[in-house]
Number of protein chains: 2
Amino acid sequence: MIIDIHGHYTTAPEPLGAWRDAQKAALEGGPAPDPAGPRISDDEIRESIEANQLRLMDERGIDVTLFSPRASFMAHHIGDASTSVAWSRICNDLIARVAGLYPTRFKPAAMLPQSREGNLDVVLEEIDRCVDEHDIVAVNLNPDPSGGYWTAPPLTDSYWYPVYEKLVEYQLPAMVHVSTSVNPAFHTTGAHYLNSDTTAVMQLIQGDLFADFPDLQIVVPHGGGAAPYHWGRFRGLATALGKPDLDEHILGNVYFDTCVYHQPGIDELLQVIPTKNILFASEMIGAVRTVDPTTGHYFDDTLRYIKAAQLDDAAKADILTHNARRVYPRLDRRLTALGLV
Amino acid sequence: MIIDIHGHYTTAPEPLGAWRDAQKAALEGGPAPDPAGPRISDDEIRESIEANQLRLMDERGIDVTLFSPRASFMAHHIGDASTSVAWSRICNDLIARVAGLYPTRFKPAAMLPQSREGNLDVVLEEIDRCVDEHDIVAVNLNPDPSGGYWTAPPLTDSYWYPVYEKLVEYQLPAMVHVSTSVNPAFHTTGAHYLNSDTTAVMQLIQGDLFADFPDLQIVVPHGGGAAPYHWGRFRGLATALGKPDLDEHILGNVYFDTCVYHQPGIDELLQVIPTKNILFASEMIGAVRTVDPTTGHYFDDTLRYIKAAQLDDAAKADILTHNARRVYPRLDRRLTALGLV
């Protein structure tokens, strides 16, 4: 069984975007959007999934995708906490419907109703709700709800601790994932996403978060940003900061996904980061949707790179299957309940 | 001849820092510091260099270092343009004294008097002055004078064009290099530096700067941040943005240094980026000053990684010597004038 731990619903039916547009217009004085949310039929969902993510999963041989709302549409910088609460509920409910329609193929991960003002009470409530109503298996946590101005405290700040307590209570890993950049300096998927990954790793090195939360699991997407490429730098900085070896300091709790879109990058990742800390993912359909003219295959067909890597079969199986089932215990339970072992 | 294109005067004698402290105190109402700058003797300079950079250059076999003021001390977020003008003049004059004391070992690169308010007239004046008085061979350009809040326009914005015109006029390459982060989200050397590199590459991909400045040379330090590790992502994004292949779009004008502090990272860089676009550098003495316990050698002894890489001798000579003399024509002229061919 091949598990992709990083997929977003980037192809959601049009009424979802229209509802969000109406919500944004309401912030400017327009009429309020329907509080019941957009009307989307099961057939519309099936069409949007089967022509896209499910088609590519089948073509590539991916069995299960951990599926969450479109990251760039989270846009926590828009409005206030109430704006994000309404939008998160709609997006998370839609993800749950996808998972309900394809129970053996998609498992739900939730976005959180974060905001620039930083009210975490509503975040905790949405986690409770998504656990109760949707049996989610993970969440996406945005370290920069400002959209590229980085006004929130570092991930190691006690500000975030109520969220971590909740995640540990429910055995929910958090993927650290920013949303759209509204800062013209940062291209969203080319700079802001990668910078966030690099920043998160360095924050975790500077702090001692896992001394306080030994059971917290943090997933850093996009191959860890710059971190594995600069692993020597990070190891040296950890020493300079008086921290233990990174294996001990963070690699009991931090995982990198394989959203690195060429063979040499994947090879570097696999060489530097312990196999137990690598989770297969493609972020499909996501940032890069084109075919690499030098290979004739999609850039984001990361399964090809893993299969072609110099790694023994046991290590590949860990990256493609076993690590995900270990790191996401709720995913493992749900798959096991379906007889998928 | 081995040329290191990225060294900072991180070991400057103590009066330099004391002068800066006085300048900062003056901004808070304290007495003005001596407008003549700190008093530092040639012997103090020699001691600070011979015990540090020059010792390591000799130990490692580096002949010439392109030397600039300490990057984290540029701190363009402090005060206004006049603050930065005074501080830049002092720092650049000190670098010129180092180069004057060791004409065959150090060549000067200037910091620029940038500021949050963004007055570029003083930047142009300082470039003129440093060319006239010190015959500088390069400059460091800070894409984020705010110190981690990223309030300046992208590097492709016409705001920067007067600087580029001046750089092209003088054949001065610009290294894109931020300074201290005062944003608690970003560790200065572990996150902010690398994020700046990644951000700069993506800005250059988004724009068409080299259509307007075909002779402008941009050096992205720290191995290009995350860019070479994610080269597939960047190639795919360029396609999605309707840009030409990156070889054509940016690699006629953009260079990456080798400040990547472990063998797998260097190997990835050398495999992905054309040899003509790679410049040897160690950023010594810089961000990481410790010994890698797994190798027994300094993390920043990047010459070891280049020598150990699977690359033919001609390619290594390009990276260690010839590329620098081609990209920095003023460096080449000064070395040639000394009989160093």
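1. Some housekeeping. Residues count from 1 along each chain as its sequence is written, chains are lettered from A in the order in which they are written, and side-chain values use heavy atoms, leaving out hydrogens and water. Since the model is predicted, local features need pLDDT of at least 70 and side-chain atom pairs count only at pLDDT 80 or more, while totals for chains, interfaces and linings use all residues.

2. Strand E3(A). Look at residues 106-110 of chain A: 5 of the 5 residues in this strand are buried (under 20% relative accessible area, with a 1.4 Å probe and protein chains only; strands are DSSP runs of E with at least two residues, helices runs of H or I with at least four, numbered from the N terminus). In a regular strand the side chains alternate between the two faces of the sheet. Here A:Phe106, A:Pro108 and A:Ala110 point one way, and A:Lys107 and A:Ala109 the other.

3. Its neighbours. E3(A) pairs in the parallel sense with strand E2 (residues 64-69) of chain A over 3 bridges (pairing takes at least two DSSP bridges), and A:Phe67 has A:Pro108 as its bridge partner. Strand E4 (residues 138-141) of chain A also runs parallel to E3(A), joined by 2 bridges, with A:Ala110 opposite A:Val139.

4. Which rings form the cluster that includes A:Phe67? Ring pairs link A:Phe67 with A:Tyr9, A:Tyr102 and A:Phe106.

5. Other aromatic pairs. A:Trp231 and A:Phe256 have centres 5.9 Å apart and planes at 90°, so they are edge-to-face. A:Trp231 sits in helix H10 and A:Phe256 in strand E7, 25 residues apart. Both count as buried, A:Trp231 at 5% relative accessibility and A:Phe256 at 0%.

6. A stacked pair in chain B. B:Trp19 and B:Trp87 lie 6.3 Å centre to centre with 5° between the planes. B:Trp19 and B:Trp87 are buried too.

How values were computed: Rings of Phe, Tyr and Trp (its six-membered ring) pair if their centres lie within 6.5 Å; planes under 30 degrees apart count as stacked, over 60 as edge-to-face and the rest as tilted. Buried means under 20% relative accessible area, exposed over 50%, partly exposed in between (1.4 Å probe, protein chains only).
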